[in-house]
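Subject: Structure for your review

Hello,

Here is the structure you were waiting for. My notes on it follow below.

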Amino acid sequence: MGRRLGIFDYLYQKAKSKFSSGKNVEVNFTPNELSENLNLDFKYLDGWIHLALECGILEILDSNQKLLKTAPFVYDLLIDRNNDSYIGGTLGAFYYIAPAQDILIESFKTGKNWSILDLPVEIMIDLQERGARFGTLVERLFSKKYEDFCNNLQKHGKILELGCGYGFNLETWAKKYKNVSFVGIDIDPMALKHAKKLIEKHNWKERIEIFETEIEEFTRSFKKKFDLIILNQVLHEMNTDENYRKGVFSNLYCLLKDDGILLIGENMIPDTFAAKKTFQLFDITHKFTEVKTSLFYDEKTFREFIASTPFKRVEFIRESGSSIWVIRK
Ligand SMILES: C[S@@+](CC[C@H](N)C(=O)[O-])C[C@H]1O[C@@H](n2cnc3c(N)ncnc32)[C@H](O)[C@@H]1O
């Protein structure tokens, strides 16, 4: 709720402008300040704050002045989206999905598909931001393990993101690789509308091209090849037909330079009854919310799938909860 009301974003901005360096562990504020800046009804806000105090999210700094602060670690856990231990997005997702429970229960009873795309656009945007956070972890792990490749990308290069959606992941990469030109393609016009706005906001029109197209058509018409092709949280959403997916990878093979890399960030979902090796709350939530419409792999089935495509070299890298697939010709 704190996210939807804009409270956490407000505290994030406040902390950012207040502390220019060092670690931010708490933010101080008053209820009046929140009410005025966020245009929130004071009585409702008072109720929310009371609950947040009771839950241990906030603490009272000075009762007389009605001054509050975020409790220890809350800044890292709920507010700072760039922090490693940030879990605000995942908690937000639980909250957002709540209104869809009636539809979900109906689907449980009838087996009918429900689509996450039916959620209001404001919720979709926030969920996409959560997915793109996964993309920042993918980028971090990739640049750490493929330092030389990424150093070259710092100088020049061309990156394609297949399934760029709302553009949040493109934004992460474009901020880091300033000399690279990007192409983003997707089949969802609503998402691309948002991606284009993001590009305009950053004044990146010269660097980032966006196309609403299927990969097959794009491969036929686009003549240049890419150093890096990224699929972040896309594969599971694609048409589940195996031949269709093989076709996508044949097209990606054509679009990739001979020494290029296909980088895949995707939840690998183990079998429900497999022995538990790691904590996978985010992944399993993902499976639950898209159980009828998406097709996820586990490590073994994904390797088998790649073996059925033209790609030859596959490396799976997992480190402290993040994982990437680095695939080459
Ligand atoms: C979870 S979103 C990920 C967006 C983006 N990669 C990110 O990390 O922010 C998945 C995206 O894949 C797109 N998608 C699904 N099937 C696709 C296809 N066949 N071709 C292109 N995009 C596709 C969806 O429209 C959606 O925008």
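Which residues are closest to the ligand? Please keep in mind that this is a predicted model. The ligand is surrounded by 22 residues, and the closest are Ala 132, Gly 163, Gly 165, Asn 169 and Asp 188. By type, the shell divides into ten nonpolar, eight polar and four charged residues. Helix 7 (121-145), helix 9 and strand 5 each contribute at least two residues to this shell. Helix 7 gives the most, with four residues.

Strand pairs

Strand 4 (residues 157-162) pairs with strand 5 (residues 180-186) in the parallel sense, over six bridges. One of the residues involved is Gly 157, whose bridge partner in strand 5 is Val 180. Between these two strands the chain passes through helix 9 (residues 168-176), and this β-α-β crossover is right-handed.

Strand 4 is also joined to strand 7 (residues 226-232) by three bridges, and these two strands run parallel. Here Leu 160 stands opposite Ile 229 of strand 7.

Strand 8 (residues 256-265) and strand 10 (residues 322-328) run antiparallel and are joined by three bridges. In this pair, Leu 263 is opposite Val 326 of strand 10.

A tyrosine in helix 4

Tyr 75 lies in helix 4 (residues 74-79). Is Tyr 75 buried or exposed? Tyr 75 has 22 other C-beta atoms within 10 Å. A residue counts as buried at 20 or more, so Tyr 75 is buried. The C-alpha atoms of Tyr 75 and Tyr 12 are separated by 8.1 Å, although the two residues are 63 residues apart along the chain.

Regards

How values were computed
Residues numbered from 1 in each chain as written. Predicted model: local features only at pLDDT ≥ 70, side-chain atom pairs only at ≥ 80, totals over all residues. Pairing = 2+ DSSP bridges. Right-handed = clockwise from strand over helix to strand, strands pointing away. Near = placed C-beta within 6 Å. Nonpolar A, V, L, I, M, F, W, Y, C, P; charged D, E, K, R; others polar. Buried ≥ 20, exposed ≤ 12 C-beta atoms within 10 Å, placed from the backbone.
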